[in-house]
Amino acid sequence: CEAQFLPNPEERRIPNMEKSRPLWDNPLQFVFACISYAVGLGNVWRFPYLCQMYGGGGFLIPYFIMLVVEGMPLLYLELAVGQRMRRGSIGAWKMISPYLCGVGVASVVVSFFLSMYYNVINAWAFWYLFHSFQDPLPWASCPLNGNRTGDEAECARTSPTQYFWYRRTLNIAPSLEAAGALQWEQALCLTLAWLLVYLCILRGTESTGKVVYVTASLPYCVLIIYLIRGLTLHGAVNGLIYMFTPKLEQLANPKAWISAATQIFFSLGLGFGSLIAFASYNEPSNNCERHAVVVSLINSATSIFASIVTFSIYGFKATFNYESCMSKVILLLTNAFDLEEGSLTADNLGAVQGHLQAAHPQRYAELQPQLKNCSLEAELDTAVQGTGLAFIVYSEAIKNMEVPQLYSVLYFVMLLMLGIGSMLGNTAAILTPLTDSKFIASHLSKEVVSGLVCFINCIIGLIFTMEAGNYWFDIFNDYAATLSLLLIVLVETIAVCYVYGIRRFEKDLHTMIGHKPSWYWKVMWAFASPLLIISLFIFYITDYILTGTLQYQAWDAAQVKQHRGFDYPGYALAVIGLLVAASTMCIPLGALLTLARRRLRRGRARPVA
Amino acid sequence: MLSSASQMHRMLSKYGLVSKQLWEIMLISNVLLCNVTDRVSFWFVVTDSAKNVTTVAGSEVEAAIRMNRNRINSAFLLSDKTLQFLKISSTIAPPVEPSTPVWLIVFGVVLCLTVAGIVFLIVTGIQRRKKQNKESSETEDLEEKCEVTVTIENGIPCETLDLKAGHINGVYAADDERFASL
């Protein structure tokens, strides 16, 4: 029966023939690595925003339903594939079916794009961290203008924290076309960020396994400190009440459900190949089912925990701004009408304003443009997400706390840990397939490959340190990973359920874990998750088509209205198209290449037989 | 009203606010207040006692106040923000800046630590690999001497099968359903 064991030459490669695969020291390292990767900046700066937009406490309902329908099953699927195949994404999908090597390559490409721009956030966190060692904090007050009679114009128009972010950190250009010069300070911080990442991934699981103990647990310590500090701040309760009052009518809004599904999907980091890479370093008998449930629950719980902290900070900041707005109005009126000091308070302001308007209508009308309508609701309503939340809103709240330097350092160290944790996953997704490949592993050592990847990413990342860099960052953030990931995960799910076969997968899991997956998992894998992903996909495509031209918000320092919408120029649209195409096209191209190669081989073999 | 004038006078005279031309003692009656409001704000003029009716030029008073702003503030235990002289905008003292920005120092420290860590890990990695190479070349020599026969099962040397992977036979698992059953 020799003929039975002559598979195709590429399948002859027996997985265990080369030196044994590095493993995690213990299952806890694996769990910590997954948590460190999944719990990232999105939990801190995206989930609170979604909660605020889509009905406060009510948003938790679609969120948990999506977690159960989509999050846990897909996470379990990826971990199981990685643990079973014991290979990075390219090798794992090749083993499922040779036509699916394109899926693995697409994952690597998307991870590459992600790591290019994601580390810039760590560079910004470093920048803020280094600036936290000053008294007073540099974003606490405006710098003075040329003749030292008042604040710098741009800063006086906006706020010190916004000025520090847009001018001192980004030095942002007024539009994408005005590319501007490289900011050497940001370039230095980016280089440092990449050196730190290189230090953590240098030895593979050996070094990563130790680092994730810190990157996974430190953010929780800081969040607990912030929770205690946040809840004791004046006005924090306002924010919490605002967040948790459920506006259940938002549940009828389809966008709430789509946002919940998208958030779960991207928050867990599915489709990048990182989870497959991490799981491939597991012992084959590891209980990845339990770990999948644990990791997804911890990820969601962290999101909720972080939003409690964020909303108490919001409440504090909104109350502070409201009260200073009130005192400014009081001062203005007292000075203008020469009233007695202390006669105007927050309580009688409305009544006195009405009285003054009636008594001195002309003077009051002159004053009108300077009088702002102070409203706590309006302050709370300013929903912010992304870098705006992390770097502007939080730093504004921090500067008003006691001992702001301490809280500032803690906060930015936490951001750094979250970011580095996610970067470890991203780089693992790129490096694991590369080091698995025989060709590369025989020529270059692990350290050299890691170093090359970090170096290339760092050089390309310098684009994001230019003056218009933040606009390119937004392009990458919005388009590099979104559509491609949905497609990748859809193909993954269909491949495992229908190409590999769910019965075979069941048997593999039984061998690994000791029991077959229950009907819940099978139903989700085979029907619910693919249908959900398809509907998300359709939604995204129709959304892109309906909006027509793609626009971006530019920061214009010279204008009173800072954010202005512009259309993307032609070359930016080309880059967007390239980003999406580069990863999605890998899937069909991979299948076609394999088909072509097989046809060629069969063509060559036929004359012999 | 009287107390404000006296305050004003006390301060003006106490701090030698005498113009170059006037070299005279200012009396409290030289400081005239008007338009005093509840807001504790008022207008004042300084008369020149030498020439009865005229007042000291506004620009001179302004210049004098500008010179002694700090002392005036401290007399009232107020600051530039809480004691405002209309039309006299204060120049704000710039914040103290150290010669090297603080952030560069912290950056330098973190950079040195990171680079030191990288160098340490690389050097220990190279040393470990050299040791491993030496050991494996020694075992190879031993094998050549003993001529160990390697049992082969279906074209695959048994030793190379990683037996640590235990109950999953990696040779069969991925491929068993690919082939037609006999």
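## Basis

This is a predicted model: local features need pLDDT of at least 70, side-chain atom pairs count only at pLDDT 80 or more, and totals for chains, interfaces and linings use all residues. Residues are numbered from 1 along each chain as its sequence is written, chains are lettered from A and ligands numbered from 1 in written order, and side-chain values use heavy atoms, without hydrogens and water.

## Disulfides

The whole structure holds two disulfides over all chains (cysteine sulfur pairs within 2.5 Å). A:C142 bonds to A:C155, S to S 1.9 Å. The S-S torsion is about -85 degrees, so this disulfide is left-handed. A:C155 is buried at 2% relative accessible area (buried is under 20%, exposed over 50%, partly exposed in between; 1.4 Å probe, protein chains only).

A:C325 and A:C374 are joined with sulfur atoms 1.9 Å apart. A:C325 sits in helix α14 of chain A, and A:C374 lies in the loop between α16 (361-367) and α17 (376-381), 49 residues apart. Helices are DSSP runs (H or I, at least four residues), numbered from the N terminus.

In sequence order, the bonded cysteines of chain A pair 1-2, 3-4. A:C497 is in no disulfide; the nearest cysteine sulfur, of A:C288, is 15 Å away. A:C497 is buried, at 5%.

## Helix pair

Helices α14 (288-337) and α15 (349-359) of chain A pack at about 35 degrees, axes 12 Å apart. Axes are lines fitted to C-alpha atoms over the stretch in contact, with angles from 0 to 180 degrees between N-to-C directions.

Technical notes:
Helices (H or I, at least four residues) and strands (E, at least two) are DSSP runs, numbered from the N terminus.
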